[in-house]
Amino acid sequence: MQENILPSPEDLSRLLDRFGPLSPGVLQEIMAPSQIVQAKRKELVILQGDFDDHVYLLLEGAVRAFHVVEGKEYTDWFAIPGQFFCAISSFFQDRPSTHFYESIRKSVSLRIPRHVLLALADTHHEVERLMR
């Protein structure tokens, strides 16, 4: 995976408006510790068994979540631009990921640390609303 430059606050605001408005100050607090992650087609973004408690906002491309049982892959869902994805077991239960997350097209995501979102949700109602 490659890391690149963050989107502008305006671009991020437009993308997140469908979830509810965020003030420019809150957008800056989200973006400051976040990173852009680029993944090639068929590249794994999160591995099953790894711990990853970030939330990813997909900006471009597509990602699929799947798990493997007895050597067979089972796709559970897809993420498209404007949607969030995360290793649910890591984010909510502090456990390793039960799924693989694979970029099925060249993709670009904003990777946001869990601790940042939780701290902002404690102090900003608009972030708490975003996380519902």
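**Figure 1. Asp52, a buried acidic residue without a salt bridge.** In this predicted model, Asp52 is buried but takes part in no salt bridge. The nearest side chain of opposite charge belongs to Arg111, at a distance of 5.2 Å; a salt bridge would require a nitrogen and a carboxyl oxygen within 4 Å. Asp52 is located in the loop that runs between β3 (44–46) and β4. Its side chain has polar partners: a contact of 2.9 Å joins Asp52 to the side chain of His54, and a polar contact of 2.7 Å joins the side chains of Asp52 and Tyr56. When neighbours within four places in sequence are set aside, Asp52 is in contact with Ile46, Ala87, Ser90 and Phe91.

Figure 2. Tyr56 counts as buried because its relative accessibility is 0%. Residues up to four places away in sequence not being counted, Tyr56 touches Val45, Ile46, Gln83, Phe84, Phe85, Ser109, Leu110 and Arg111.

**Figure 3. Strand β4 and its antiparallel partners β5, β6 and β7.** Strand β4 (54–69) pairs with β7 in the antiparallel sense, over 11 bridges. Within this pairing, Glu60 stands opposite Val108 of β7. Strand β5 (residues 72–79) also runs antiparallel to β4, and seven bridges join the two. Here Val69 has Lys72 of β5 as its bridge partner. Strands β4 and β5 form a hairpin with two residues between them. Glu70, in the turn of this hairpin, has a positive phi of about 50°. Strand β6 (residues 84–86) is likewise antiparallel to β4, to which three bridges join it; Leu57 stands opposite Phe84 of β6.

**Figure 4. Phe78 in strand β5.** Phe78 has its place in strand β5. Apart from neighbours within four places in sequence, Phe78 is in contact with Val63, Arg64, Gln83 and Ile104. A separation of 29 residues in sequence also holds for Phe78 and Gly49, whose C-alpha atoms are 19 Å apart in space.

**Figure 5. A network of salt bridges linking Arg64, Glu73 and Glu102.** The count of salt bridges comes to two. In one, Glu73 is joined to Arg64, with the closest N and O atoms 2.5 Å apart. In the other, the side chains of Arg64 and Glu102 meet at 2.7 Å, N to O. This second pair links distant parts of the chain: Arg64 is in strand β4 and Glu102 in strand β7, 38 residues apart. Arg64 and Glu102 are both buried. Arg64 is classed as buried because its relative accessible area is 11%, and Glu102 because its value is 8%. Glu73 counts as partly exposed, because its relative accessibility is 45%. Setting aside neighbours within four places in sequence, the contacts of Glu102 are Lys42, Glu43, Leu44, Ala62, Val63, Arg64 and Phe66.

**Figure 6. Positive phi values at Lys42 and Asp94.** Most residues other than glycine have a negative phi. Lys42, although not a glycine, has a positive phi near 75°. Lys42 lies in the loop between β2 (35–39) and β3, and is exposed because its relative accessible area is 54%. Asp94, also not a glycine, has a positive phi of about 55°. The location of Asp94 is the loop between α3 (88–93) and β7.

**Figure 7. Two nonpolar cores.** The largest nonpolar core has 21 residues. Those with the most contacts inside this core are Leu12, Leu16, Leu22, Ile30, Leu110 and Val127. At least two of its residues come from each of α1 (9–16), α2 (24–31), β4, β7 (100–113), α4 (114–123) and α5 (125–130). Apart from this core lies another, of 11 residues, including Ala39, Ala65, Phe85 and Tyr101. In soluble globular proteins, nonpolar side chains tend to be buried together.

Note on methods: Residues numbered from 1 in each chain as written. Predicted model: local features only at pLDDT ≥ 70, side-chain atom pairs only at ≥ 80, totals over all residues. Heavy atoms only, no water. Core = buried A, V, L, I, M, F, W, Y, C linked by side-chain atoms within 4.5 Å. Buried < 20%, exposed > 50% of the residue type's maximum accessible area, 1.4 Å probe, protein only. Helix = DSSP H or I, 4+ residues; strand = E, 2+ residues; numbered from the N terminus. Lys, Arg positive; Asp, Glu negative; His and termini not counted. Polar contact = N/O pair within 3.5 Å; in protein donor to acceptor, adjacent residues only side chain to side chain. Contact = heavy atoms within 4.5 Å. Pairing = 2+ DSSP bridges.
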